[in-house]
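Please read them alongside the coordinates.

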Amino acid sequence: MPQASARRTAFRLARDAAFGVALAVQEYFALLLRVIRSCFTRPVYPGDLVQQMDTIGVGSIFIVVLTGFFTGMVLALQSAVEMEQFGATIYIGRLVGASTVRELGPVLTALMVTGRAGAGMAAALGAMKVTEQVDALRTMGVDPVRKLVVPRFVAALIMLPLLTVIADLIAIFGGLLIAVLKLGLTPDLYMRSVYTTLADNGFVLRYIPVDLVQGLGKPIVFGAIMALTSCYYGLRTEGGTEGVGRSTTQAVVTTSILVLATDYFLTQIIIVFLL
Amino acid sequence: MNEHGDRNEVFRSEVREEIGRELAVASPHADRTEPTVSLRDVHLSFGDNHVLRGITLDVRQGETLCILGGSGVGKSTILRLILRLLHATAGDVLIEGRDITTVSHHDVLELRERMGMVFQGSALFDSLTVRDNVSFPLYEHTRQTDEEIEHRVREVLSFVDLVPDDVLDLLPAELSGGMRKRVAIARAIVHQPPILLFDEPTSGLDPITTHTIDELILKLRSELNVCAIVVTHDLASAARIATESALLLDGRVIFRGTPEEMYASEIEYVQAFIA
């Protein structure tokens with residue numbers, strides 16, 4: 001009898017958990033649809049959009065620069081150890097260029113911006129929710145999704161690719177420093193190597209390197225995931241200040257996992273269709 | 001059920017019977033003018049939790065209805081139903097003759113513009129100055145020029161006994177509790193809505209500030225002829241400002257009448273509540 005009771009309890013808990021997850025997924029995609037619809041209908045809030053572009057973009061430049069710089073340097077350093085054994089250090093530029101532009105630039109930028117701006121979005125919206133500011137907006141006839149979520153969503157879509165370009169350039173520059181100062185390569189040789197690897201995978205529409213399509217397509221998707229997930233957790237915050245902390249943590253963890261998982265699937269799609 | 005629970009249930013059923021005899025469908029002071037806000041047999045349940053069980057209330061222009069009752073009895077919930085921040089399980093909520101429970105999302109936004117809400121915690125937007133907070137509804141819903149809006153903001157701040165030049169550029173965090181409440185009232189009345197809703201407007205305030213807020217609510221009735229619904233725990237405050245009071249118990253209105261009638265009521269629960 002106790003075993004049957006335990007089984008029933010376990011079954012009920014599993015069923016409730018599955019129901020909760022299904023409901024959350026449904027709400028998440030319902031929010032996505034509302035955001036997309038609101039992007040193309042009035043009223044719009046250009047002032048809020050500019051403010052969010054400043055917060056997400058300009059505010060994240062410093063950490064993105066640092067991330068790119070040290071990532072590029074450490075990539076060059078680590079690969080040099082292996083490549084020196086085969087006398088292949090002239091290919092350092094290829095390795096740094098390819099791995100940065102295709103993968104590390106978009107993913108690390110998304111993760112760093114999530115830690116900074118995504119957490120900020122969840123916390124700001126969560127605080128607004130628990131202090132009834134979101135309800136205040138609704139009572140004034142203002143749609144909170146349109147006013148609060150859409151500017152953040154669009155700003156993330158615009159700023160994340162730009163930040164990724166900055167991270168890529170800085171990472172390549174970091175690799176250059178190591179290649180020149182530690183490995184004795186010339187800047188010209190290193191940069192030629194970087195260009196070669198970007199050109200090797202071919203071009204889309206004759207002039208756009210496929211690697212660049214990967215490198216700039218992914219951040220758009222990551223930006224959408226970051227903004228939507230952060231706003232989703234922010235707007236469903238409950239339970240006072242403790243709830244705000246919980247939402248912020250959930251937003252960052254969920255976004256990070258979604259970014260990494262989505263990166264895998266996007267890479268698969270790109271390999272199948274573009275390479 | 002234990003003896004204590006039995007006695008409670010008996011007491012409640014006695015109260016309900018007594019109320020059934022005493023109460024008219026709406027107000028004993030009902031007149032022939034159309035009610036501005038009208039709740040008709042409104043029910044609200046969350047699963048098995050029945051919060052409201054058939055609320056019927058009418059409030060007309062120039063009236064101030066105070067909703068009284070113990071904690072968790074559903075007082076603030078009524079305000080949320082009026083604004084359709086919550087959906088009634090059953091019943092009608094008529095705003096100026098239109099049922100807000102059945103109109104489209106667009107019409108809900110329109111109807112909400114006819115109302116002003118003062119939240120318990122003021123719900124001022126943290127990141128905006130007093131000027132931006134108060135002018136927010138005007139920028140959202142009117143096409144007035146900056147000069148006209150500035151003039152109107154100064155006018156309402158003066159109306160709520162604040163010195164515009166002293167507070168316009170302050171952030172909500174820089175205001176005292178009483179000043180925040182007054183700014184919240186200014187924001188609620190800036191677009192001249194005919195209906196005002198107050199959720200615990202005097203909670204957490206000292207007696208002098210409470211008196212000031214009460215005076216302000218009286219002034220709103222006498223000078224602007226608004227229809228006001230005030231949720232409060234504060235009996236003294238309710239006695240000062242209410243044209244009528246409604247007392248809630250177990251999700252039902254068990255008393256409706258003027259403050260004088262309330263103090264003279266022989267209903268046991270009313271007497272216990274007043275005591």
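1. Two strands are taken to pair if DSSP finds at least two bridges between them. By that criterion, strand S4 (residues 90-95) of chain B pairs with S5(B) in the antiparallel sense over two bridges. Leu94(B) has Asp99(B) in S5(B) as its bridge partner.

2. On conventions: this is a predicted model, in which local features need pLDDT of at least 70 and side-chain atom pairs count only at pLDDT 80 or more, while totals for chains, interfaces and linings use all residues. Residues are numbered from 1 along each chain as its sequence is written, and chains are lettered from A and ligands numbered from 1 in the order in which they are written.

3. Chain B has eleven helices and ten strands; these are DSSP runs numbered from the N terminus (helices H or I, at least four residues; strands E, at least two). Of its 275 residues, 41% are buried, meaning that 20 or more other C-beta atoms, placed from the backbone, lie within 10 Å of the residue's own.

4. The pair S4 and S5 belongs to an open antiparallel sheet of four strands in chain B, ordered S2-S1-S4-S5. Strands S2 (49-59) and S5 (98-99) are at the edges with a single partner strand each, so one side of each lacks a neighbour in the sheet. Helix H2 (residues 75-82) of chain B packs on this sheet, touching S1 (37-46), S2 and S4, and makes about 115 degrees with S1(B). Such angles run from 0 to 180 degrees between N-to-C directions, with axes fitted to C-alpha atoms, for helices over the stretch in contact.

5. The other open sheet to inspect in chain B has six strands in the order S6-S7-S8-S3-S9-S10, with mixed pairing. Neighbouring strands in this sheet are turned by 20 degrees against each other on average, direction ignored. S3 (residues 64-69) and S8 (residues 227-231) of chain B pair in the parallel sense over four bridges, and Ile67(B) stands opposite Val231(B) in S8(B). Helix H8 (residues 207-224) of chain B lies across S3, S7 (195-199) and S8, at about 160 degrees to S8(B).

6. In chain A, helix H6 (residues 144-181) has 38 residues and spans 53 Å from first C-alpha to last, close to the expected 56 Å, which is 1.5 Å times one less than its number of residues. H6(A) bends by about 35 degrees at Val150(A), with Pro151(A) following within four residues; the bend is the angle between axes fitted to the seven residues ending there and the seven starting there.

7. Ten residues of chain A are in contact with 16 residues of chain B, contact being C-beta atoms, placed from the backbone, within 7 Å.

Note on methods:
Two residues are in contact if their C-beta atoms, placed from the backbone, lie within 7 Å. A residue is buried if 20 or more other C-beta atoms lie within 10 Å of its own, exposed if 12 or fewer, and partly exposed in between; C-beta atoms are placed from the backbone.
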